[in-house]
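Hello,

I am passing a structure on to you, and my notes on it follow below. Please have a look through it when you have a moment.

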Amino acid sequence: MAKLSIKGLIESALSFGRTLDSDYPPLQQFFVVMEHCLKHGLKVRKSFLSYNKTIWGPLELVEKLYPEAEEIAASVRDLPGLKTPLGRARAWLRLALMQKKMADYLRCLIIQRDLLSEFYEYHALMMEEEGAVIVGLLVGLNVIDANLCVKGEDLDSQVGVIDFSMYLKNEDDIGSKERNVQIAAILDQKNYVEELNRQLNSTVSSLHTRVDSLEKSNTKLIEELAIAKNNIIKLQEENHQLRSENTLILMKTQHHLEVTKVDVEAELQTYRHSRQGLDEMYNEARRQLREESQLRQDIENELMVQVSMKHEIELAMKLLEKDIHEKQDTLIGLRQQLDEVKAINIEMYQKLQVSEDAMKEKNEIIGRLEDKTNQITATMKQLEQSDKDLLTQTRTIAMSFVKCASNEAQHQYKLVKDISF
């Protein structure tokens, strides 16, 4: 019926329109069928006046398993006009459908079967595999948009009656297509039953192995139980022996206690007599303790002053040592610089000696060159003088030669002139 109701609701909603209200008949029948599914196998609980069955208990458990369901549970509790747990459960189903979270909420619920066992019998629908199938079918309702008015609706006094006429059809109206669908559904059921049978066979085999292991462990536990019983008998005997010894020790202790009590009374009497002298000694010792305490306080104060002065002296010594170390470092640096300057001065002095020797050699060379220059200058003067004398001789010879040539030319001219004549 749940499968037919969900399938009919989806098909009618797709043909009618996906947004449905609370007056839509297939939607009302769906809520009635879901209510019957949740009531199946529900344990009877004793109330103050009578026995009742309510599905609000397991639905209220969802908010502890699924944190997002806290809002819907709080909304249901705050709705005015709801007086019975059944009315709250009906309002919860309608709000879950509007949120499109009904499948998620119920899936979290059926997973925790140890918690559901408090509300359902072992043969209940929600405790079997069919409950998981119904939760899987509820996922298809997410395509439907429901607009339901929960506030103001009388959900406490509604009577949930399933209208089977909505799901019954005449044989004349069933066509070949529907027959094929039924055949396919039967084949699917057959395959499902075969698969379930295989799973059950594997489960039975695993259970057989578990039974064998449990039998072995049972025999082992029986042996351990026999050993434990023997140990218990031995312990009881030891306990009886210890109790007898305990009674003997108790008697001896009581006798010793009585003797000790007499001795204590005698010592107490002696103590009372010596108490007065002890008080006087105590007062004297207390007075001496005060004086010594005062003296010790004065010595401690003086010691504190000496310690503070010692700390100041140590601090000053540390500062002085630090200053001395700094000055020693500076002195070492200056000595290194002085050694470097001395090395540089020695090097410069050596270079100066070398340069002075070179200057002496150069001065000697310059003197020799000056002597040679003077000699060359004197030679040049002599050569110039000789050149002047030779030039004058050459001029005189040239003049004489020119005169001779001119005379010869005149003579030739006269001869030519004479010949022409």
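A residue is called buried here when its relative accessible area is under 20%, exposed when over 50%, and partly exposed in between (1.4 Å probe, protein chains only). This is a predicted model, where local features need pLDDT of at least 70, side-chain atom pairs count only at pLDDT 80 or more, and totals for chains, interfaces and linings use all residues. Residues are numbered from 1 along each chain as its sequence is written, and side-chain values use heavy atoms, with hydrogens and water left out.

Let me start with the aromatic rings. Rings of Phe, Tyr and Trp (its six-membered ring) pair if their centres lie within 6.5 Å; planes under 30 degrees apart are stacked, over 60 edge-to-face, and the rest tilted. That rule gives three aromatic pairs. In one of them, F30 and F31 have ring centres 5.5 Å apart and planes at 55°, so this pair is tilted. F31 is buried, at 5% relative accessible area, and F30 is buried too, at 1%. Y66 and Y105 form an edge-to-face pair, because their planes stand at 75°, with centres 5.3 Å apart. Y105 is buried at 1% relative accessibility, and Y66 is buried at 17%. Ring pairs also join Y66, W92 and Y105 into a cluster.

Now the cysteines. With a disulfide taken as a pair of cysteine sulfur atoms within 2.5 Å, the count is zero. C37 is buried, with 12% relative accessibility, and C108 is buried, with 14%.

Best wishes
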